[in-house]
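The paragraphs below walk through one protein chain, from its overall make-up to single residues. Please keep the sequence and the coordinates at hand while reading.

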Amino acid sequence: MKKLFYILPLVLLLTSCEEPELSPRMVKITGITIYSFPMTASNGTSWDYASGTDLYIDWIQGDEKKSPTQHYIDVTNNSLPLNYELANDYMFNDLTTPVILKLYDFDDIDANDFISQVSFNFSDRLNRETIYINENNTNLIINLEWYY
Ligand SMILES: [Ca+2]
Ligand SMILES: [Ca+2]
């Protein structure tokens, strides 16, 4: 029994040694969950005159754009959180240029309404499976899959 007291600190010491950080080649965004976003414009009017927000996400990274997500129809506070599952084209091999996510209200006839945006850097969040962002009254979680 007494031996254990000598061995235990040694085991702890060995396991606490940090492994070298893996450097990923690219990363895929597999999903986004929206927890909150501005339900009205700054002047208090809702994004749609007589119904809830038709929410979708657009993407920019430097000069590159990804295809926007599908839009959810008539989103209200009761609809949250809202989950967007994303397909294969949300793959990024530039891990340093900031990614900007823009939330829009989809409109049929007039131009879509810009709601808010958040931005982040993959290089600040290397190897994390989820990123939590709270910016511009917009709360969301991004799910990531890393490729080495
Ligand atoms: Ca609108
Ligand atoms: Ca609507």
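In the protein chain, 56% of the contacts with a separation of 6 or more are between residues 24 or more positions apart; two residues are in contact if their C-beta atoms, placed from the backbone, lie within 7 Å. This is a predicted model, in which local features need pLDDT of at least 70 and side-chain atom pairs count only at pLDDT 80 or more, while totals for chains, interfaces and linings use all residues. Residues are numbered from 1 along each chain as its sequence is written, and chains are lettered from A and ligands numbered from 1 in the order in which they are written.

The protein chain has one helix and 10 strands, where helices (H or I, at least four residues) and strands (E, at least two) are DSSP runs numbered from the N terminus. The order from the N terminus is α-β-β-β-β-β-β-β-β-β-β. Of the 148 residues, 17% are buried. A residue is buried if 20 or more other C-beta atoms lie within 10 Å of its own, exposed if 12 or fewer, and partly exposed in between, with C-beta atoms placed from the backbone.

Strand β2 (53–61) has several pairings; two strands pair if DSSP finds at least two bridges between them. Seven bridges join β2 to β7, and the two strands run antiparallel; here Y56 stands opposite Y104. β2 is also antiparallel to β3 (residues 64–66), through three bridges, with Q61 and E64 as bridge partners. These two strands form a hairpin with two residues between them, and G62 in the turn has a positive phi of about 60°. Two bridges join β2 to β4, again antiparallel, and L55 has Y72 as its bridge partner in β4.

The largest nonpolar core holds 22 residues, and I29, I32 and L103 touch the most other members. Such a core is a set of buried Ala, Val, Leu, Ile, Met, Phe, Trp, Tyr and Cys residues joined through C-beta atoms within 7 Å. Two or more residues of this core come from each of β1 (26–36), β2, β7 (99–105), β8 (113–120) and β10. In soluble globular proteins, nonpolar side chains tend to be buried together. Beyond four places in sequence, I29 touches L86, Y90, I142 and L144.

L140 belongs to strand β10 (residues 138–147). It counts as buried because 22 C-beta neighbours lie inside 10 Å. Leaving aside neighbours within four places in sequence, L140 is in contact with I32, T33, I34, Y35, V118 and I133. From L140 to I34 the C-alpha to C-alpha distance is 4.5 Å, although 106 residues separate them in sequence.

Some backbone geometry deserves a look. Most residues other than glycine have a negative phi, and most peptide bonds are trans. A cis peptide bond joins L80 and P81, with omega about -5°, and P81 is in the loop between β4 (72–75) and β5 (82–85). D74, in strand β4, has a positive phi near 55° and counts as exposed because it has 12 C-beta neighbours inside 10 Å. N137, in the loop between β9 (130–135) and β10, has a positive phi near 60°; N137 is exposed, with 12 other C-beta atoms within 10 Å.

What does N93 contact, leaving aside its neighbours within four places in sequence? The contacts of N93 are R25 and M26. N93 is in the loop between β6 (91–92) and β7, and it is exposed because 10 other C-beta atoms lie within 10 Å.
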